[in-house]
Each structure stands twice: as C-alpha cells, then as structure tokens.
Amino acid sequence: MTTDATEPTDATGPTATPAPTTAPAPARTAPARTVEEALALAADALRRHQHPDGHWQGDCRASLIGESGELVLRHYLRIPTDHTTAAAARTILAEQTPTGGWAAHPGGDDQLLVSVFCYVALRLAGHHPDEPELRAAAGAVRGLGGVEALDNPLMLAWLAMIGLWSWRDIPLLPPELLLLPDDAPGSIYHLGAAGRGVLVANSLLMARRSVVPTGFDIGELHARPTTGRPRRPLPLRAATTLSHWYARCALPPLRRRAIRKAARYLLRTQERDGGWGGNWPQTANALIGLDAAGLPADHPVRTRALAALDEYVTQHDGQRHVDLWIPVVMDTALALRATLAAPGADAKATETAVRWLLDNEVTEPGDWAVLTPDPAPGGWPFVFANNTNPDADDTGFVVAALRRAHPPGSDPAVDAACRRAVAWLVSQQCDDGGWAAFEPLRWRLPGRDRLAGIGLLEAPSADVTGHVLEALGADGQGDTPAARRAIAWLRDHQQPDGSWPGWWACHHLHGTSAAVTGLAACGVPGDDPALVRACAWIAAHQQEDGGWGEDIRALTDPSWIGRGTSTPSQTSWALLALIAAGRADTEPVRAGLEFLVRTQQDDGDWAEPQHTWIVYREGLTYRDSLLRLIYTVTALSAHRTATRGGR
C-alpha cells in the first residue's frame with residue numbers, strides 16, 4: 001500500500017527547529033545551469049502545455065473524496081455496477097497508507113473523513129471487511145475516533161442516504177430557507193456562492209430523507225458501542241433536535257412550495273456544460289437533490305449532468321481519478337502572464353490566449369447580482385464551464401494578464417473587458433474594504449467560522465485582496481477609492497509577526513506574498529513599514545536549502561505556519577514578494593533562485609507532490625500540476641526584469 005508521493009517528515013516534531021527538508025538534487029553530469037538558462041528551459045516547458053485554442057489546463061489532484069464519493073453517488077442514483085466501480089476501487093487501494101487509512105494529501109496522516117468514505121466505497125465495490133486491507137482500514141478509522149467522530153453534517157448526509165448513518169443525528173436544512181426574503185438573515189444569498197447550490201441540494205435531500213440501502217452496515221468502524229448517540233456539542237445537539245421538530249411540524253403547503261422553489265433554483269443554475277458551479281462536488285450534490293425532488297432518471301437535465309461528471313475523470317499513472325474541478329481560466333491567466341514576462345514569447349500564441357480569455361468572460365448575471373445594486377456582468381470564473389458567477393481572484397488574474405499583453409488604450413476589446421471586470425470587482429468589495437472570492441461577506445448570524453470550515457461561507461482574505469490590487473494597479477486604478485480602501489484593509493489585517501494568512505492557498509506564505517505584490521502594484525514603496533515587516537517574516541522563514549515551504553498542516557496547527565518541505569511554487573511566492581518590494585539583489589533571493597535552479601528537472605519542470613491549494617480548511621486541499629511551473633517562470637522572469645532595471 002503506497003501513496004502517490006512521499007513527503008519528508010520532521011522527526012524532531014513541529015515545535016523544534018526544522019532540519020533541511022528538501023533532498024539534495026541529483027548530481028548533474030553537465031555544468032550547473034544559470035538562472036537565465038533555467039528560465040528559458042522552464043518557459044519553453046510551459047509553452048508546450050498550451051492548447052491550440054490558446055488555453056492552459058493542469059491536472060488537479062485532491063484527496064480521494066472524489067473517487068470514493070463517486071461510488072456512493074452511483075449507488076444512490078441506482079447506476080448499475082460496471083468497470084468504473086472496479087477501477088475506482090483499484091485507485092483507492094493503491095493510495096492506502098501504511099497505517100491503514102487514507103490521507104487528505106500526500107505524506108499526511110490518516111484523515112477520518114477520507115478514510116471512512118474510502119472504506120465505504122470499497123465495500124460498495126464488493127470488498128469484504130475480512131480482507132486484510134479493510135481490516136487495517138477499519139482499525140485506522142477506530143483509531144481516529146471512529147465514524148461517530150465525524151461532524152460534517154453534509155458528508156454525514158451522504159452516509160445517511162445509503163443507510164449507513166441515522167438521519168436523526170443530522171441537523172436538517174429546511175427547504176423553507178428559500179422562501180426567506182433575499183436580504184433576510186439566513187437567506188441563501190448570505191452564504192458563499194460556492195456553497196449555496198450545495199445547501200439547496202441538501203435541503204431537498206433532507207426534506208425527503210430518502211435511503212437507498214447498501215445491504216451492509218459499518219459497525220466495524222465504530223470506536224465504541226453504537227447503543228448511544230454520537231457525542232456532539234450542545235449547540236449542535238440543540239440545532240439537530242430543533243430541525244427535526246420543525247420537519248415534523250412543517251406545514252405541507254409551505255413545504256411543497258419550498259421544494260418546488262429549491263428544485264427550480266437548481267434547474268435554473270445548471271451551467272452550459274450540464275454541471276453546476278464548474279465542479280464535481282456541486283454537480284453531484286445537485287443530482288442528489290433533484291433525485292430527491294422527484295426528477296426522473298431519464299430527464300435531460302440529469303442526463304446532461306451525468307455527462308458533465310464524466311468530464312472530471314482523468315488517468316494518472318494508469319489509475320482512474322476524479323479531478324474535482326478544472327481551473328482552466330486560472331491556469332490560462334497565470335500562464336499567459338508568465339509567458340509574456342519570460343523571454344521568447346510567441347506573439348501569435350499569446351494573442352490566441354488573450355482571445356480565449358475574452359471569449360470566456362462572464363456576460364450573464366448570476367447569484368452575485370441578487371443583492372448587488374445596479375448589477376453589471378463582467379469578470380471571469382475559475383473554470384470555463386461557469387457562465388454566470390465570476391470570482392474576484394480569477395478576475396484579478398485575468399485583468400493582470402490582459403494588461404501585460406495590452407496596456408490601457410492599446411486594444412479596444414481588452415479595454416472594454418477590463419472596464420467591465422473592474423466595475424464588477426468594485427461592486428463586490430466588502431464593506432470593510434477587503435475582497436472575498438465570490439461575493440461580499442454578508443452573514444451576520446452565529447456560526448460563521450463553522451460554516452466557513454465546511455465551505456459554505458468565505459470571508460475577505462489577504463490573498464484575494466492582494467490579487468485584486470495587482471489587477472487594479474495593472475489597469476491604472478491603483479489610486480482609486482476602492483484601491484485605497486483595500487490597502488487600508490491589508491494594513492489593518494497584517495499579523496503582529498508581519499505576515500498575512502491566506503484563504504485559498506497555504507497559507508501565510510501565500511497570503512503574505514499576495515498582499516506584498518498587491519500593495520507594491522498600487523505604489524506602496526518597499527520601505528513602507530508594512531512591507532518591511534512582511535519581507536522580514538518571509539526571510540525569517542526561508543529553509544536551510546534556500547527554498548520556502550509551508551506544510552498544509554499549518555491550516556490546523558499553528559506550529560507549522562511558515563514551515564515545511566521547500567516547494568518550487570511556494571519558493572516562487574516568496575521570491576515574487578521580495579522582488580516586488582525591491583529586494584531582488586539580496587541574499588535570500590539569491591539563495592531562493594539557486595534552490596529553483598538546483599531542483600529543476602531536465603525537462604524544465606519541477607517535482608511538487610505537496611498540496612498547496614485549499615478549497616475548504618477541513619480536509620479538502622489540492623495541487624494543480626501546472627502551477628509549480630507557472631509560478632517559477634513568473635518569479636524567474638520578475639528577477640530578470642528587476643535586475644535589468646524594470647518593474
């Protein structure tokens with residue numbers, strides 16, 4: 001049993017001074033490369049990944065929640081067993097850890113949620129609990145507290161719908177939430193865009209509480225006798241009791257009206273590719289919700305949705321995997337910007353990418369428009385299948401890339417798209433001056449941190465705010481009221497140690513890099529106290545091998561903040577911040593560049609098995625196979641430009 005990659009561990013523990021965590025690069029028979037040679041080799045490698053129509057697209061590996069969840073979904077939807085089931089089981093078994101469970105990321109410890117779902121998926125695929133692999137897995141789950149220790153209500157609902165958990169122990173989301181006024185506290189429009197469709201779908205499932213039995217139980221996954229109910233905090237127990245009381249007392253006419261409105265919401269928000277939200281989890285949940293609402297199996301909406309799910313299936317190293325999302329817009333914007341900054345850019349190829357991005361601009365109002373005064377569409381989404389809901393992060397990436405290709409006044413189509421995008425960004429700025437990825441933070445009821453932990457809410461963050469500031473600076477909008485408010489927000493939210501935590505990537509390295517580059521793009525000088533403190537924090541967290549790395553465990557364990565195995569992408573984040581703040585000719589930058597040159601492969605790429613990107617903090621992280629190359633090209637190019645007297 002092996003994972004797909006290994007990560008060195010620090011035997012001294014997270015509180016001790018870390019030993020060098022990056023293995024020495026293989027000895028070269030040829031002379032060592034120069035930084036210029038490494039940049040040229042990497043830029044060529046990145047350009048080879050461009051598709052003929054102009055876009056770039058990496059592979060996104062997350063945990064095995066996709067592969068295991070697929071088998072649960074197929075069982076619930078009564079899809080007959082076929083080769084897919086066996087292929088998924090082989091993938092799951094191949095990534096079982098030596099301790100018996102499954103990790104949420106390469107090199108990590110066994111994780112309870114992933115381990116439970118992988119075990120259930122293997123049982124659905126016909127494996128017997130007496131098999132050595134399943135006995136080891138059950139032991140690992142019990143060692144993590146047992147299945148009863150799971151506390152994610154949405155994931156527990158997936159177990160309940162196949163008869164492996166009791167609905168009575170899950171707080172129910174009433175579909176009547178959709179009958180609230182749009183601006184009322186608790187309205188679905190006060191949630192994050194990424195979680196809104198999931199909540200609506202689950203409200204339909206929980207209204208019906210249907211079960212498609214598996215024919216087996218998972219008593220062997222309980223750490224203690226199951227005669228009692230799971231231990232839960234008092235507020236959660238109270239919410240569960242109250243929600244079930246309401247479900248029993250709900251007025252039938254009101255319930256029917258709410259179910260119809262929830263189902264119409266899902267039908268209305270289906271994307272042009274047949275999915276929802278441009279990702280596998282939201283599409284799978286929507287299918288479950290529509291099934292619970294009674295949509296027939298042969299309905300065209302369901303047929304298109306199942307076909308959309310097939311688009312997320314990929315092959316890695318001969319194994320069948322489910323990439324939970326395809327961040328093609330992000331990859332294209334960042335890759336275009338990187339290749340334009342590097343020497344040897346091909347004008348025809350880069351212009352093809354520019355036109356591809358323009359063709360994938362959001363031109364229709366989505367949920368973001370419901371509570372936005374005078375909404376005007378614009379911006380870009382994470383994925384090209386999402387035609388109604390842009391996000392601030394990717395809109396910032398695209399505007400910065402388009403402006404590198406075509407400065408203001410040089411291309412009317414780019415000018416118009418950037419004008420719409422900036423207007424949309426300003427309309428979605430939070431009241432306090434920061435930016436969240438999709439919409440302003442509007443949630444005012446209790447439970448914000450918990451909802452954010454399971455992906456239903458997001459808050460303004462340093463990384464998104466920094467990326468928007470980069471875009472505003474590139475568009476000549478770095479001294480506007482919106483930019484000044486965002487700069488003040490970053491100043492107010494800088495940590496005492498000089499760093500900023502990130503939201504969408506790990507963690508303080510990403511947040512600090514984005515904040516510094518955003519502030520610098522809007523004219524904040526490198527000797528500004530905020531940038532001085534931030535650069536000091538970055539330099540202090542450089543690893544002994546010259547690189548930078550922050551372990552994904554930093555999300556839950558503060559002792560890992562700024563610490564971990566050096567990676568090319570995180571090293572590049574650090575370098576980009578230091579260079580943007582005017583420190584290109586310093587020893588930390590030289591050591592970081594040497595790390596990148598030393599660890600570069602002969603094909604121009606770098607190895608990076610670590611997960612450095614985040615969907616939500618409680619167990620769903622991923623890596624994008626292109627970003628390690630994109631960011632290193634960007635950092636090497638930035639150093640080249642800075643040392644030649646440019647910006």
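Q: Is Glu220 buried, partly exposed or exposed?
A: The model is a predicted one, in which local features need pLDDT of at least 70 and side-chain atom pairs count only at pLDDT 80 or more, while totals for chains, interfaces and linings use all residues. Residues are numbered from 1 along each chain as its sequence is written, and side-chain values use heavy atoms, with hydrogens and water left out. Buried means under 20% relative accessible area, exposed over 50%, and partly exposed in between, with a 1.4 Å probe and protein chains only. Because the relative accessible area of Glu220 is 22%, the residue is partly exposed.

Q: Which residue forms a salt bridge with Glu220?
A: A salt bridge is a side-chain nitrogen of Lys or Arg within 4 Å of a carboxyl oxygen of Asp or Glu. The closest N and O atoms here are 3.0 Å apart, and the partner of Glu220 is Arg123.

Q: How many residues apart in sequence are the parts that Arg123 and Glu220 tie together?
A: Helices (H or I, at least four residues) and strands (E, at least two) are DSSP runs, numbered from the N terminus. Arg123 lies in helix H4, whereas Glu220 lies in the loop between helix H7 (193-208) and helix H8 (234-249), so the separation of the parts in sequence is 97 residues.

Q: Where does Asp367 lie, given that its side chain meets that of Arg196 in a salt bridge?
A: The N to O distance between Asp367 and Arg196 is 3.1 Å, and both residues are buried. Arg196 belongs to helix H7, so the pair ties together parts that are 171 residues apart in sequence, with Asp367 in the loop between helix H13 (347-359) and helix H14 (392-405).

Q: Which residues are joined into one network with Arg196 and Asp367?
A: Side chains of opposite charge can pair when their charged atoms come close. Through salt bridges that share partners, Arg196 and Asp367 are joined into one network with Glu439 and Arg442.

Q: How many disulfides does the count come to?
A: A disulfide is a pair of cysteine sulfur atoms within 2.5 Å, and by this rule the count comes to 0 disulfides. For Cys60, the nearest cysteine sulfur, that of Cys506, is 16 Å away; for Cys522, the nearest, that of Cys418, is 15 Å away.

Q: Is Cys60 buried or exposed?
A: The relative accessibility of Cys60 is 2%, and because of this value Cys60 counts as buried.
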